[in-house]
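Here is a short tour for anyone meeting this structure for the first time. Have the sequence and the 3D view open as you read.

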Amino acid sequence: MKKIAGVLLAASLLFCQSVFADQPTTVLTELKEAKQIVMEMPFIDGANNEVLQRSANSLLRNAVEDAADKVGKQGNVTYEVTLNRPSLVSVLLKAVNRGRSYYRAVNIDLTTGREFTLDDFFFGGEEREKLLGKNADNILFTENGIALAEKKGAAYDRTFSYQNLLPLSRIGDIGRLMSVWKLTENCDGKILTIKQGDMFAFKLAANPSTGFQWVNTVTGGPANGIVKTGSSFVIPNSQKEQVGTPGTEFQFFAAKEPGTYQMKLSYQRPWEKANGTRECNIKIIVK
């Protein structure tokens with residue numbers, strides 16, 4: 001009986017872990033009333049790490065109190081959740097005292113208990129500066145893009161779609177922020193239907209030391225409607241010291257424009273005219 005009970009306990013624990021994995025973050029509201037102000041305080045609950053959760057809630061509480069101070073601790077402070085991912089939450093605070101308003105964005109990373117920034121997901125440099133300007137510091141993350149305020153405390157009235165930032169994305173981290181559809185060679189002959197602005201990635205067996213590479217071609221749809229945003233190659237942990245070890249190649253693409261595309265991936269030596277030793281063809285519909 002003890003053995004059976006142990007098995008049942010282990011099974012229940014695994015079930016609980018699967019239920020709570022990759023779920024949206026729970027944001028509760030705590031009301032706090034003072035003499036002349038009512039404050040709605042966002043409160044995160046159910047995070048995997050309670051220490052980091054406390055740190056995140058401390059940041060949120062301090063941000064609310066700071067917003068209240070900015071309007072003389074009178075009126076009210078409300079909030080709106082603008083982004084909710086399993087480990088990322090963004091909140092827009094709004095403090096109002098008669099005709100005076102103050103806005104504050106709080107972007108929380110629950111894997112660190114701290115605020116996250118644009119640099120965590122997108123490379124900087126001239127291209128980003130051309131798009132967002134030199135002083136893109138006051139940033140609010142939303143479900144579909146980012147919003148910027150001209151100055152601290154101002155409304156976040158400049159919006160930019162994630163789609164426009166896709167070529168600058170850090171491919172190792174962007175999946176936490178945006179949808180990344182995962183594909184393997186099993187997708188051959190099938191259809192992928194996604195939304196404009198989504199990303200998709202191929203996971204492909206490869207061995208670059210042989211000279212073979214996965215070469216992709218895209219036909220149909222608008223020009224540059226699908227763009228490659230990056231790639232990486234990973235070898236098994238147990239064999240990292242061995243030269244020429246086969247591994248896995250990841251290729252990341254962004255769907256920038258609606259249309260119907262045909263994508264072909266061929267495993268070949270680029271300098272040879274022969275067909276690839278392996279091929280993968282998939283139709284991609286971007287809505």
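How many disulfides does the structure hold? The answer is zero. One thing to keep in mind from here on is that this is a predicted model.

## Two cysteines and no bond

Let's stay with the sulfurs for a moment. A disulfide is a covalent bond between the sulfur atoms of two cysteines. Cys187 takes part in no disulfide, and its nearest cysteine sulfur belongs to Cys280, 3.4 Å away.

Next, pick out strand β4, which covers residues 88-97. Eight of its 10 residues are buried, so β4 is largely enclosed by the rest of the structure.

Strand β3 (residues 75-84) pairs with β4 in the antiparallel sense, over eight bridges. The two strands form a hairpin, with three residues between them. If you want a spot to look at, find Tyr79, which stands opposite Leu93 in β4.

β4 also pairs with β5, again in the antiparallel sense, this time over 10 bridges. Here Lys94 stands opposite Tyr103 in β5. The hairpin of β4 and β5 has two residues between the strands, and in this hairpin Arg98 takes a positive phi near 55°.

## Salt bridges

How many salt bridges does a search of the whole structure find? It finds 12. One of them joins the side chains of Asp66 and Arg104, at 3.5 Å from N to O. This pair links distant parts of the chain: Asp66 sits in helix α2 (residues 50-70) and Arg104 in strand β5 (residues 100-109), 38 residues apart. Arg104 counts as partly exposed because its relative accessible area is 21%. Asp66 and Arg104 also belong to a network of salt bridges that links them with Lys70 and Glu115.

In one, Asp69 pairs with Lys73, and the closest N and O atoms are 3.6 Å apart. Asp69 has a relative accessible area of 44%, so it is partly exposed. In the other, Glu127 pairs with Lys130, with 3.8 Å between the closest N and O atoms. Both Glu127 and Lys130 lie in helix α3 (residues 126-132), three residues apart, which is about one turn of the helix. Lys130 is exposed, at 64% relative accessible area.

## A loop residue

Now move along to the loop between β12 (199-206) and β13 (213-219), where you'll find Asn207. Asn207 has a relative accessibility of 13%, so it counts as buried. Its side chain makes a polar contact with the side chain of Ser209, at 2.6 Å.

Finally, the gaps. Rolling a probe the size of a water molecule over the atoms shows where empty space is left. The structure holds one cavity of 30 Å³ or more. About 40 Å³ of space lies in the largest cavity. Which residues line the largest cavity? They are Glu30, Met41, Pro42, Phe43, Asn57 and Arg61. β2 (37-45) and α2 each supply at least two residues of this lining, and β2 gives the largest share, three residues.

The largest pocket has a volume of about 430 Å³. Its lining is made up of 25 residues, and those nearest the pocket's centre are Thr117, Ala136, Asp137, Asn138 and Ile139. Which element gives the most to the lining of the largest pocket? That is β5, with five residues. α3 and β7 (139-141) are also among the elements that each supply at least two residues of the lining.

Conventions:
Residues are numbered from 1 along each chain as its sequence is written. This is a predicted model: local features need pLDDT of at least 70, side-chain atom pairs count only at pLDDT 80 or more; totals for chains, interfaces and linings use all residues. Side-chain values use heavy atoms; hydrogens and water are left out. Helices (H or I, at least four residues) and strands (E, at least two) are DSSP runs, numbered from the N terminus. Buried means under 20% relative accessible area, exposed over 50%, partly exposed in between (1.4 Å probe, protein chains only). A polar contact is a pair of N or O atoms within 3.5 Å; within protein, one must be able to donate a hydrogen and the other to accept it, and residues adjacent in sequence count only if both atoms are side-chain atoms. A disulfide is a pair of cysteine sulfur atoms within 2.5 Å. A salt bridge is a side-chain nitrogen of Lys or Arg within 4 Å of a carboxyl oxygen of Asp or Glu. Two strands pair if DSSP finds at least two bridges between them. On a 1 Å grid over the protein atoms alone, a cavity is a set of points where a 1.4 Å probe fits but cannot get out, and a pocket is an open set with protein on both sides within 12 Å along at least five of seven lines; lining residues have an atom within 4 Å of a point. Grid points are joined across faces, edges and corners, and a volume is the space filled by probe spheres set on the points.
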